[in-house]
Amino acid sequence: MMTENFDPQLLENLQSRKPLLWLNPARGGPLPGSAPSLTLIDEAQNRLVRCAPLLAALFPELATSGGHIESRLMPARPLQQALGAGAASGNWYLKRDDELPVAGSIKARGGFHEVLAIAESIALEHGLLTDAATDRRILATPQARALFSQYAVTVGSTGNLGMSIGVMAAALGFDAVVHMSADAKEWKKDRLRKRGVRVVEHAGDYAEAVAAGRAQALAAPRSHFVDDEQSELLFFGYAAAARGLARQLAEAGRVVDAAHPLFVYIPCGVGGAPGGISHGLKALFGPHVHCFFAEPVASPCFLVQLASGADTPVSVYDVGLDNRTEADGLAVGQASELVASLMRPQLGGIFTVSDDELYLNLLALKETLGVEVEPSAAAAVSGPGWLDGSAAGRAYAQGIDMTAATHVIWATGGSLVPPEALRGFQDHARQLSQRRAA
């Protein structure tokens, strides 16, 4: 096992699956020279804006927003009070990416952005588009669909990224292929198939599904593989969320500066979506935003990678963990190397969450705010509590006026989950709560 660089106490806590807060000792260092700039992030935002009419034409669910992919920023004071946090901890908000139409998760921006970029590139190459000003609704015409049908878009996913990529690619007429691991939920596979996506199942975990998808794409002509671990197009699409959040905070009267810090908590799997969002926010707000990832105790791949200090890949298996968690979207054994290198100097820290805590968090969301999410989407709820409820958190917050802070908890998915599955999550959570109270 590659454990020689780990603090012995940290390693013991990881192996015992004890929830913990790990502070990133490398935060504040220089970014890699190849780090995406705000200009590149704005280019992604511009692509999503110019393609909004196309998205509205393709998906009736996006008609009311004019094709713009954005979710609500919801005040969360009832949740804050229910979890025992008073006014001294600032103001809490819930970012409702669980409500994003069509894809139903945080993966929507990145996945849609990459497929749209592919479509634009092919259309420009074949003269269907001439410049940035061309109405993108031309990409939904029979002529465009006939062109795109000659190409395949492939991805490996446990569910939510596959939903985003598969649905968008199929809607444009691509041969959309999603390679899924055995632990992906059946309802996600069924929904993809109903949208015209080819689902290929694999007996192994997320990493094996990704590897199989990559191999197939590389072996086939006119096939594009969406690489969740290395794709800059995905990363830029995720990062575009920062502009939207900044606008929503301003509309809510929440200033972000030295006297009014912003804390953001995001569930993390391979790292693309939370990393992209964090990178975008750091580009906008610099040292005034503090980003934390939430990971399952069995699958803390980003914590393991950063805590190892290694430039080579380190997985949760290397430290004796099995990567088995109810948070299927976060069941990832190894972090994205691209994102890890970008987060090393930017991330505030990472906290881990037990499966029981995931369920109790989703129940708290349901009972205080009426919000229904899947287990992985509730991982970040614990974030603010770590800052004032642990020695590590209080050390991080030392010198910061937390009464003026804004806390944003990212809810990452749930609106597409079948109602009976949501009820099952909540019933299980209530049973857990009752056992703890007994």
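Reader: Is Phe293 buried or exposed in this model?
Author: The model is predicted, with pLDDT of at least 70 needed for local features and 80 or more for side-chain atom pairs, while totals for chains, interfaces and linings use all residues. Residues are numbered from 1 along each chain as its sequence is written, and side-chain values use heavy atoms, leaving out hydrogens and water. Buried means under 20% relative accessible area, exposed over 50% and partly exposed in between, with a 1.4 Å probe and protein chains only. Since Phe293 has a relative accessibility of 0%, this residue counts as buried.

Reader: How many aromatic pairs does a search of the whole structure find?
Author: Rings of Phe, Tyr and Trp (its six-membered ring) pair if their centres lie within 6.5 Å, and planes under 30 degrees apart count as stacked, over 60 as edge-to-face and the rest as tilted. By that rule, the number of aromatic pairs found in the whole structure is seven.

Reader: Which residues are linked by ring pairs into a cluster?
Author: Tyr265 is buried at 1% relative accessibility, and Phe351 is likewise buried at 1%. Ring pairs join these two with others in a cluster, whose members are Tyr265, Phe292, Phe351 and Tyr396.

Reader: Which residue does UniProt list for "modified residue: N6-(pyridoxal phosphate)lysine"?
Author: The annotation comes from an unreviewed UniProt entry; positions follow the numbering used here, feature names are shortened, and annotations may be inferred rather than shown by experiment.
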